Amino acid sequence: MTERVRVTVAGTVQGVGFRPFVYRLASEIGLTGEVCNRGSIVTVDVEGCGGDLAQFLRRLQSEAPPAARIDDLGVERLRPVGYQDLKIVSSEDGDRVSFGIPADLAICPDCLRDMAEPTSRYYRYPFTSCTQCGPRYTVSKRLPFDRETTVMEDFPLCPECLRDYRDPGSRRFHAQTTACPRCGPVLRWIPGEGGEGEKTGEDALKAAKDVLRSGGVVAVLGIGGFHLAVNALNEQAVRRLRVKKHRPTKPFAVMMSSEAVKVHCVPSAGEWQALTSAVRPIVLLQKRPDSPVAGEVAPGMDRLGVFLPYTGIQVLLMEDADLSALVMTSGNLSGEPLAYEVEDGLRRLAGLAEGFLVHNRPILRPVDDSVLYVDGDVPRVIRRGRGMVPEGFRIGRRDEAAPVVLAVGGDLKNAVAVAAKGKLWLSPHIGDLDSPRAREGFRRQIEWQLETLGVAPDVVAHDLHPGYVSTAEALGNWEKTLGVQHHHAHLAAVITEHRATGPVLGVILDGTGYGEDGGIWGGEMLLGDCRSVLRIGHLEPLRMVVGDQGTREPWRLVVNYFYALDLWDRWADFVVDRLGIPARSLEALIRVLKSRYPGYRSSSAGRLFDVVGALVSRRTEATFEGELPMGLEAQVDPGVKERYNFHITERDGRWMVSPGILDAVCWDLAAGRQDRVATKFHRGFAAAWAEAAFRAATRHGVSTVAVGGGVWQNRWLLRWFVEDLENRGLRVLIPRRWPAGDGGLAAGQAAVALAKLREGGG
Ligand SMILES: [Zn+2]
Ligand SMILES: [Zn+2]
């Protein structure tokens, strides 16, 4: 007897070959009916006998293409209508509850084989793609994801490509980005200032390789924007790029062929899996001590940010062994957003690159490479970008009536988020909002996200910091706004990501966040949930007179900390001598410290790492946020078992951790034991917070601890803290898919706003 079902599949089902897969499967089993997609949903309306339909439903889930992800599967039984054949019906712009646009996908093994096969018409064609790979998010104009709604609209298919596109048996059946040398985009070489001779195809590729071989910089257009490339083994070339880019020390990422990865690093199985995933993120890997990668690539670090080539252009560019490790850093001047349009790139990167390897497949929106590290087997995201966006996360039951929240994030490492109907979409990394260009990107991202989701915010959540650009944007452009305390947002992000219920004890450690008392917080213990928290512990707040200048000139922080801790008189000579502090600047600072100028109070954990990092490294300046803490982390030797004992005191139900160990740090340094300081500090700090958290959890009867804030990207601190608490029977929640730092802040702001709205009854 013929039966009929309508199957509704929601999730990542567009642009990943899902419709063609469903079609093939149904036709193989011999079903009749229609396959169509509406917005982010694929519906399959098919008829057949009961056993065949059951088989279809089973295989629909077990054999789905690797890039697809099924979130919801609905099955409805209907009266048969007597379908005669099976067909794909064209997309409708349906109910928009999702972007319906998949993330960009790295080139797949099948397409790589096509590119390597001399008899294939895709032989060495860098824009080869199929249903399993190629750009998506960055080439999509509007919903739904089809040829006509992407930039590929401008590349009409040649007869051969059209045949594949229409052939259900082909891997390129309905592959919206497919193209070949006859009908697709073209590779182009544009020489930089003073150079001459534009080239295309293989000649363009050769010109780029020549420049790289001579130690020059090539601007390469990828999926989400430009990279600046130099040979990673050429010390001088890397140094020259640093000077040109105004980026003195911040580590560069290195793109390597898979053979080269094994030469330079020691990836674990989990790291290898992350490296080779379709996201192709930058993965932090332990560098081999004998690796010939230039020291200038990541000065003072023990790890390298490594990724594999993910576009045809990159694969061809590094096919020769001598170019198999290239620095590939974002195409911008330090502090500016990524350049992603050809004309704009030619202008902005003119002084940086000897030439440009570009193409005529437009990029509609910029996206940086994603960055993560693997902790045990668990990938933890540091920066969300290409390959991860615009994917949404289910954060609750699907609820049509749920309020829509826009969260604008913070001013550093900004990303924005929209929550609606039980899902949350965290934008790609936008960057620091201190340039007009970055602010423009921030506004565009918000606009695109709301428009594409087809929603308008009921409330806009922002940080409490009155000086933040993001706060001003929220207050200036929207009527209904809600300020969310920085560290509460960090905690709410972790709670939401893990969908934890009940009160959680948060240990939130970061650089700076505006506190409810107007001070700067950053070493915080919070008890509560998304709705509200109590501040039940923190680092001992110190009077600070040094502001942002301290992060660039950390000796100022050192002096301020010693002064505030009453350690200055004891260690002044030692500190001045160790850091070579200029007498005049020191006098001026001491004068302010001795004055009645109130300054502000800070319980920042990040700044304490800066202080210890400066003392150990004897660095008097830092060129990017987190430089000294990262350098300190790189010096940890887990073989050293000693630790500093941080004092923990309790007063009025609040635990306070004292940074007074700076005294012990100086004793070690003075005695020539500087090689143990980093480890003792990390072990001691982890133990102190574990102890404080354990006492607080016991007192308040909670069994779940959550960590959040950028300081937790420190692998040693995280490992020792978690080990300690798990040994004592507590469960620890750790950020995973959303960055622990401010890149995940907006997700937490949205969660807090939703919880408060729910409490207020709508
Ligand atoms: Zn492919
Ligand atoms: Zn073609």
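User: Quick one on C111: buried or exposed, and what is the relative accessible area?

Analyst: In this predicted model, where local features need pLDDT of at least 70, side-chain atom pairs count only at pLDDT 80 or more and totals for chains, interfaces and linings use all residues, side-chain values use heavy atoms, with hydrogens and water left out. C111 is buried, with a relative accessible area of 0%, where buried means under 20%, exposed over 50% and partly exposed in between, for a 1.4 Å probe and protein chains only.

User: And C130, buried or exposed?

Analyst: C130 is buried, and its relative accessible area is 0%.

User: Which atoms hold the zinc ion (ligand 1)?

Analyst: Its protein donors (N, O or S atoms within 2.8 Å of the metal, or 3.2 Å for Na, K and Ca) are C108 (SG), C111 (SG), C130 (SG) and C133 (SG), which lie 2.3 to 2.4 Å from the ion. The angles among these four donor atoms run from 102 to 119°, and the site is tetrahedral, a label that needs all angles between 85 and 135 degrees. Along the sequence, the donor residues follow the spacing C-x2-C-x18-C-x2-C.

User: Which parts does the C111 and C130 pair tie together?

Analyst: C111 lies in helix α3 and C130 in the loop between α3 and α4, so the pair ties together parts that are 19 residues apart in sequence; helices are DSSP runs of H or I with at least four residues, strands are E runs of at least two, and both are numbered from the N terminus.

User: Now the zinc ion (ligand 2): what coordinates it?

Analyst: C158 (SG), C161 (SG), C180 (SG) and C183 (SG) coordinate the zinc ion (ligand 2) at 2.3 Å. This site is tetrahedral, with angles of 105 to 117° among the four donor atoms, and its donor residues are spaced C-x2-C-x18-C-x2-C in sequence.

User: Where do C158 and C183 sit?

Analyst: C158 is in the loop between α3 and α4 (159-166), while C183 is in the loop between α4 and β6 (187-191), and this pair, 25 residues apart, links distant parts of the chain. Both C158 and C183 are buried.

User: How should I read the numbering and letters here?

Analyst: Residues are numbered from 1 along each chain as its sequence is written, whereas chains are lettered from A and ligands numbered from 1 in the order in which they are written.

How values were computed
Tetrahedral: all angles 85-135°; square planar, octahedral: opposite > 155°, others 65-115°.
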